[in-house]
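Please look over the sequence and the model shown below before reading on.

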Amino acid sequence: MVFSVELILMMISIIMMSIIFFALYRFREKPGFIYLMGLVGCRIVYAISVILEKNSELLQYKYIFRAMQQTGLTLMVPFFILFVYGLIRHQKVIRRKWKLALFSLFIPWALLIWFDPYLHIVYNTVELYDGQLVTTRTIYASVFNIFCYSSLAVCLYFMFKYMKTMRKDLRKPGMWVLLLASLPLVLEVLRFYQPHWSPWLGPLSILCGMTGMLMLLITFRYKLFSIVPIAKDVVFDTFQEGMLIVNDSGQVVDGNKKVINFFAELGYADFYDRPVTALLEKWPEWCDLSQSVEQGSVEIETWSNDERKVYRVNVYPLGTEGKQRQGSVSLVFDITEQRCQLEKIAQLNRLKDQLFTIVSHDIRSPLAMQFQLVELLEEDLDSFGAEHQEIIAKLGEQIRHTLGMSTNLLEWFRGQREDVVLRPRLLELSEAVEECCQLLQINSEAKHLHIHNDIPIGTHVYADREVVLLVVRNLLSNAIKFTQIGGSIHMHAQLSGKMVIVSVRDNGMGMDSEQVERLFVENQLHSSVGTSGEQGAGLGLLVSKQFVQLSGESIWAESAVGQGSVFYFTMRGGAEL
């Protein structure tokens with residue numbers, strides 16, 4: 001073998017292709033890259049056989065090495081097809097039978113090349129001319145070569161489309177890699193149409209191994225292997241939510257396994273490169289967001305195996321440099337179970353509403369009737385004996401306590417409902433307070449308490465009448481409960497800007513600072529025994545706070561142990577004091 005500059009360069013090129021082969025070995029588990037290794041391996045066999053043919057003198061040897069060349073070139077085609085398919089359709093696993101079917105188109109032709117001296121299907125003539133092997137192809141070989149070149153051209157076209165969907169900063173280096181990868185194909189097409197150029201086109205094709213090294217350097221420099229689509233695949237398929245990517249032209253370009261299964265259940269076995277209008281025609285709102293590249297959220301419903309499924313879809317625009325938008329990504333969340341739970345909760349809430357309506361009608365109404373009857377008995381209390389008077393007093397106390405507790409409970413329930421409606425109007429505050437004092441007169445007289453309504457006549461507030469009565473009644477009941485026999489309670493109102501601050505002051509047992517802090521804590525009931533052993537559920541203050549806040553106002557307390565307590569709440573003022 002004579003070592004010329006050309007031979008040395010070709011050997012360097014083979015070494016570079018071997019480096020590429022081992023560099024690809026690191027990514028062998030990634031979609032399509034095992035086929036790329038096969039392609040590079042065929043290319044190395046082709047390059048070695050060209051060198052051996054060039055340095056052989058006998059026709060028999062030259063033909064053997066030419067057959068090796070053609071076998072390598074033939075098998076490169078299915079490897080390249082599988083690589084492109086694996087790269088672009090990386091979510092779809094190619095079945096073994098389809099791989100075998102693809103190779104079965106090319107392996108028989110490779111075998112025909114080796115047996116052509118007996119069959120004469122590939123070459124019409126094979127001869128030595130000036131030390132070079134010159135062949136003429138049959139019509140069958142020409143048709144097969146055109147089929148191979150067309151297949152490779154189609155693959156390059158799909159690779160070009162795939163590169164266009166990449167990020168802008170990766171698109172340019174990706175196009176350079178694609179351009180360099182197409183050079184060997186261009187040279188082989190030239191050899192096909194100009195067979196007499198083979199002596200110098202063959203070695204030139206081998207030297208493309210150097211361009212392959214340049215491709216590898218570009219790939220590693222811009223991390224094409226790690227960004228598109230390798231690391232992306234791992235991240236995509238880790239998501240428990242479906243992910244659908246649509247470009248700015250309205251074409252579906254990618255999706256993870258979750259969204260693939262989602263559309264597969266709907267009958268879309270392959271949704272790549274489909275227009276989003278066709279894919280999402282059942283859900284126009286989702287389709288509009290994807291097409292307009294706008295951020296938004298919609299809920300959709302599907303039926304799979306007679307089972308209703310509910311999904312929430314969040315659509316986000318994909319942007320690159322500047323304000324240019326490259327498409328959109330849709331995240332699909334399965335909220336079927338959550339929706340079922342919400343529907344169950346709604347059903348339970350309706351049942352709760354019905355239950356409290358029954359309670360309000362069937363329990364509170366009889367209690368109110370019993371309360372009126374007890375009041376009639378108390379008016380004629382002197383006509384009963386001492387034993388009966390004590391029974392009537394105890395009965396009245398129990399009925400008032402039960403009625404007050406049921407009233408607070410029902411009012412609390414009413415405040416919990418989202419559809420609660422307050423009807424504020426102009427009220428005479430002193431009259432509303434006097435009505436509450438009259439209602440609680442028997443309670444106060446039983447402890448010989450003096451309730452002073454110090455609110456001037458003409459003091460108006462703009463509030464819901466039932467809310468004012470509820471709050472004042474609860475605050476007065478608390479003051480009566482925790483004030484010693486013979487004590488006093490004062491009701492005041494003070495104008496502060498556009499607000500009226502109403503206060504209920506007693507000279508009872510009072511509270512320490514920790515007790516005051518716990519008074520209005522949400523969802524916590526605190527009940528204490530009154531000065532005469534009165535019991536309570538601790539719901540009154542909680543209900544009062546709830547309705548004061550629904551009115552947009554505030555309530556608070558001040559107290560000290562042994563010095564009584566003052567409860568304040570605000571109402572919107574309706575007139576000057």
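Phe-22 counts as exposed, its relative accessibility being 58%, where exposed means over 50% relative accessible area, buried under 20% and partly exposed in between, with a 1.4 Å probe and protein chains only. The model is a predicted one, in which local features need pLDDT of at least 70 and side-chain atom pairs count only at pLDDT 80 or more, whereas totals for chains, interfaces and linings use all residues. Residues are numbered from 1 along each chain as its sequence is written, and side-chain values use heavy atoms, with hydrogens and water left out.

A search of the whole structure gives 15 aromatic pairs, a pair being rings of Phe, Tyr and Trp (its six-membered ring) with centres within 6.5 Å, called stacked if the planes are under 30 degrees apart, edge-to-face if over 60 and tilted for the rest. One of these is the edge-to-face pair of Phe-21 and Phe-22, at 5.6 Å centre to centre and with 90 degrees between the planes; Phe-21 is partly exposed, at a relative accessible area of 24%. The rings of Trp-109 and Phe-144 are stacked, because their centres are 4.6 Å apart and their planes meet at 20 degrees. Since Trp-109 belongs to helix α4 and Phe-144 to helix α6 (residues 139–164), this pair ties together parts that are 35 residues apart in sequence, helices (H or I, at least four residues) and strands (E, at least two) being DSSP runs numbered from the N terminus. Both Trp-109 and Phe-144 are buried. Elsewhere, ring pairs link Phe-262, Phe-263, Trp-283, Trp-286 and Tyr-311 into a cluster.

Side chains of opposite charge can pair when their charged atoms come close. The structure holds four salt bridges, each defined as a side-chain nitrogen of Lys or Arg within 4 Å of a carboxyl oxygen of Asp or Glu. Among them is the bridge of Arg-66 with Glu-53, whose closest N and O atoms are 2.7 Å apart. This pair links distant parts of the chain, with Arg-66 in helix α3 and Glu-53 in helix α2 (residues 33–54), 13 residues apart. Arg-66 is buried at 7% relative accessibility, and Glu-53 is likewise buried at 7%. Another bridge joins Arg-465 to Glu-435, with 2.4 Å between the closest N and O atoms. Here too distant parts of the chain are linked, since Arg-465 lies in helix α18 (residues 465–481) and Glu-435 in helix α16 (residues 429–439), 30 residues apart. Arg-465 is partly exposed at 26% relative accessibility, as is Glu-435 at 39%.

What forms the nonpolar patch on the surface? Leu-58, Tyr-61, Ile-64, Ile-107, Leu-111, Trp-114, Phe-115, Tyr-118 and Leu-119 do, with about 940 Å² of accessible area together. Patches consist of residues with over 30% relative accessible area and no salt bridge, joined within 9 Å for like charges and within 5 Å for nonpolar side chains (Val, Leu, Ile, Met, Phe, Trp, Tyr), and accessible areas come from the Shrake-Rupley method with a 1.4 Å probe, only the protein chains shown counting as cover for residues. Helices α3 (59–88), α4 (96–114) and α5 (116–119) each supply at least two residues of this patch, the largest share, three residues, coming from α4. Ile-107 is placed in helix α4 and is partly exposed, at 40% relative accessibility.

Two histidines complete the picture. His-120, in the loop between α5 and β1 (123–129), has a phi near 55 degrees, a positive value in a residue other than glycine, and is exposed at 52% relative accessible area.
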